[in-house]
Amino acid sequence: MAKHKPLVWLPACHRNLDLSDPGGYTVVADRYAAAVTEIGLQPVLFPMASASDVSDLLPLVDGVLLTGSPSNVEATHFGATALPTDLLDPRRDALTMALVRAAVADGVPLFGVCRGLQEMNVALGGTLYQQVHTLPGFQDHREPDDEPLEVQFAERHEVILRPKSKLVEWAGTERPVVNSLHGQGIKDLGRGLIVEGRAPDGLVEAVSLEGAKAFAYGVQWHPEWRHNSNPFYQNTLQAFADACKAYRSRKD
């Protein structure tokens, strides 16, 4: 029987899309699943997975991609109080806090994008700024949500990368320009995380895990967006894909 593509777990978000159906919906944005498919991997969802299922489900996959989301990581996970304006997803939080720790412990390739970066940081004991745009010295990192997607995902600011890092290798420069669509941001780093890049205002934009057994990176921007026309985004995703394929080969 032919071997299937390496499987990548995309933790789902949970939405009430139909007010007549109080059960809600389990969703993932197509652009993440499409990007995973386009780099030779197979995205998978476990719609009702909870933290207690991670030990059974994680051995079935070859990588974890923590996607972005309109929702915020609930502030109670890092010792703060949720704001009245927060859109929350407690089911996702409960799953990803456990999933990050398990992926790190087991050496499963892990890539956090936007909310996913923040989940990595919080799961490893870090904290977040809840509204970066309200803080002195920081720029507004949110997208103009009344504009078309092409404008929302347009390149917004430079990222100053750690010299001689893998990210510099993927970008081809120490100061690539990236998109920016987030309200929260990293405040205190989680255990073992290394700053790989900062925005011009100093906000942490990329991290890696020191001593990781496999690929373990998080970025605040969205490399899945039109990655085929952006060499930096494409190279980053390809490095994740290569790590997932290597992990699969070791398992086989």
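**Figure 1. Strand 5 pairs with strand 1 and with strand 6 in this predicted model.** Strand 1 (residues 7-9) and strand 5 (residues 63-66) run parallel and are joined by two bridges, with Gly63 as the strand 5 bridge partner of Val8. Strand 5 also pairs in the parallel sense with strand 6 (residues 110-113), here over three bridges, and Val64 stands opposite Leu110 of strand 6. Between strand 5 and strand 6 the chain passes through helix 3 (residues 90-106), giving a β-α-β crossover that is right-handed. In a regular strand the side chains alternate between the two faces of the sheet. In strand 5, Gly63 and Leu65 point one way while Val64 and Leu66 point the other way, and all of these residues are buried.

**Figure 2. Trp9 and its surroundings in the largest nonpolar core.** This core has 34 residues, of which Trp9, Leu58 and Val64 touch the most other members. Strand 1, helix 2 (54-57), strand 5, helix 3, helix 4 (115-123) and strand 13 (204-209) each supply at least two of its residues, and helix 3 gives the most, with six. When neighbours within four places in sequence are left aside, Trp9 is in contact with Val44, Phe46, Ala49, Val54, Leu57, Leu58, Val61, Gly63, Val64, Leu65, Leu95 and Leu99. A second, separate core of 32 residues includes Ala33, Ile39, Phe111 and Ala171.

**Figure 3. Helix 3, its buried residues and the elements they pack against.** The 17 residues of helix 3, taken at 1.5 Å a residue, should span 24 Å, and the end C-alpha atoms are 24 Å apart, so the two values agree. The buried residues of this helix are Arg92, Asp93, Leu95, Thr96, Met97, Leu99, Val100, Ala102 and Ala103. These buried residues pack against strand 1, strand 2 (13-15), helix 2, strand 5, strand 6 and helix 4. Just after helix 3, Gly107 takes a positive phi of about 70°.

**Figure 4. Val108 in the loop between helix 3 and strand 6.** Val108 has a relative accessibility of 3% and therefore counts as buried. Apart from neighbours within four places in sequence, Val108 is in contact with Leu58, Asp62, Gly63, Val64, Ala103, Ala214, Phe215 and Tyr247. Val108 and Tyr129 lie 21 residues apart along the chain, and their C-alpha atoms are separated by 28 Å.

**Figure 5. Aromatic pairs, with Phe111 and Phe215 as one example and Tyr129 and Phe138 as another.** The count of aromatic pairs comes to eleven. The ring centres of Phe111 and Phe215 are 5.6 Å apart and their planes meet at 85°, so this pair is edge-to-face. The pair links distant parts of the chain, 104 residues apart, because Phe111 belongs to strand 6 whereas Phe215 lies in the loop between strand 13 and strand 14 (216-219). Both Phe111 and Phe215 are buried. The pair of Tyr129 and Phe138 is tilted, with 5.3 Å centre to centre and 55° between the planes. Tyr129 has a relative accessible area of 22% and so is partly exposed. Phe111 and Phe215 also belong, with Trp170, Tyr217 and Phe240, to one aromatic cluster.

How values were computed: Residues numbered from 1 in each chain as written. Predicted model: local features only at pLDDT ≥ 70, side-chain atom pairs only at ≥ 80, totals over all residues. Heavy atoms only, no water. Buried < 20%, exposed > 50% of the residue type's maximum accessible area, 1.4 Å probe, protein only. Helix = DSSP H or I, 4+ residues; strand = E, 2+ residues; numbered from the N terminus. Pairing = 2+ DSSP bridges. Right-handed = clockwise from strand over helix to strand, strands pointing away. Core = buried A, V, L, I, M, F, W, Y, C linked by side-chain atoms within 4.5 Å. Contact = heavy atoms within 4.5 Å. Phe/Tyr/Trp six-rings, centres within 6.5 Å; stacked < 30°, edge-to-face > 60°. Expected span 1.5 Å × (residues − 1).
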